Amino acid sequence: MRKIILSVLFFYSVMINAHAGESAKLDPKLAMFEPYLGTWEAVFEEKDGKPTVVDVSHWERALNGKALRTLHSINEGAYGGESLVFWDKEKQKIVFFYFTTADFYTTGEMEVIDDKTFVAYEEVTGESAMSKGITKVKSTSTLKGDKMEVATSYLKHGKWLPPETRTYVRSDKTVKFK
């Protein structure tokens with residue numbers, strides 16, 4: 001009898017663990033983002049004597065895998081933001097909302113180019129000193145082995161600025177908000 005009980009308990013533990021593994025995945029429409037999950041960091045020099053900028057970004061599964069959540073902070077929380085990315089059935093596109101610690105937010109759509117590259121198109125709503133004059137943003141993100149390269153262009157006062165490219169590497173830092 002004891003062997004039967006142990007066998008049943010073992011069976012249920014295997015089933016629970018198998019189910020937990022399934023539920024820990026992203027929705028198939030978001031599966032291409034699985035390699036991006038985790039924490040990333042980019043350090044880049046600013047021009048014109050401005051201080052170095054450190055951007056820490058964390059990507060995680062959200063809402064039972066139906067969404068992707070990203071958090072990021074610049075220079076230990078001087079600025080930060082949070083996004084929710086999900087598949088919009090009506091639009092048949094990946095869409096997102098990005099909320100910031102400044103006085104603006106963005107909404108956008110993502111176009112998957114291949115299994116390592118996607119382009120995000122954003123519309124800016126609201127304005128702060130950081131976003132002054134910026135109405136649209138376009139960024140291309142590419143996973144290159146253990147690095148993520150992000151090239152971002154801004155439509156500012158009706159003119160597209162040249163892309164700024166940043167390279168992110170895996171990090172053990174945490175996203176901070178003040």
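Predicted model: local features only at pLDDT ≥ 70, side-chain atom pairs only at ≥ 80, totals over all residues.

Me: How many helices and strands does the protein chain have, and in what order do the elements run from the N terminus on?
Reply: The secondary structure of the protein chain comprises 1 helix and 11 strands. Read from the N terminus, the order of the elements is α-β-β-β-β-β-β-β-β-β-β-β.

Me: Which strand gives the largest share of the lining of the largest pocket?
Reply: The largest pocket has a volume of about 1600 Å³. Its lining comprises 47 residues, and those nearest the centre are Ile74, Thr152, Tyr154, Glu164 and Arg166. The largest share, 5 residues, comes from strand 9 (residues 147–156).

Me: Is Leu155 buried or exposed?
Reply: Leu155 lies in strand 9. Buried means a relative accessible area under 20%. Leu155 has a relative accessible area of 13%, and therefore counts as buried.

Me: Which residues make the nonpolar surface patch of about 280 Å²?
Reply: One member, Phe99, is located in strand 5 (residues 93–100). A residue of a patch must have over 30% relative accessible area. Phe99 has 44% and is partly exposed, so it passes that cut-off. The patch is made by Phe97, Phe99 and Tyr105.

Me: Which residues are linked in a network of salt bridges?
Reply: Side chains of opposite charge can pair when their charged atoms come close. The side chains of Arg69 and Glu60 meet in a salt bridge, at 2.7 Å from N to O. Arg69 is partly exposed at 25% relative accessible area, and Glu60 is partly exposed at 24%. The network of salt bridges links Glu60, Arg69 and Glu82.

Me: With which residue does Glu149 form a salt bridge?
Reply: A search of the whole structure finds 11 salt bridges. In the one formed by Glu149, the closest N and O atoms are 3.5 Å apart. Glu149 is partly exposed at 29% relative accessibility. Its partner is Lys144.

Note on methods:
Residues numbered from 1 in each chain as written. Heavy atoms only, no water. 1 Å grid on protein atoms, 1.4 Å probe; cavity = no way out; pocket = protein on both sides within 12 Å on 5 of 7 lines; lining within 4 Å. Points joined across faces, edges and corners; volume = space filled by probe spheres on them. Helix = DSSP H or I, 4+ residues; strand = E, 2+ residues; numbered from the N terminus. Patch = residues over 30% accessible without salt bridge, like charges linked within 9 Å, V, L, I, M, F, W, Y side chains within 5 Å. Areas by Shrake-Rupley, 256 points an atom, 1.4 Å probe, with all protein chains shown as cover. Salt bridge = Lys/Arg side-chain N within 4 Å of Asp/Glu carboxyl O. Buried < 20%, exposed > 50% of the residue type's maximum accessible area, 1.4 Å probe, protein only.
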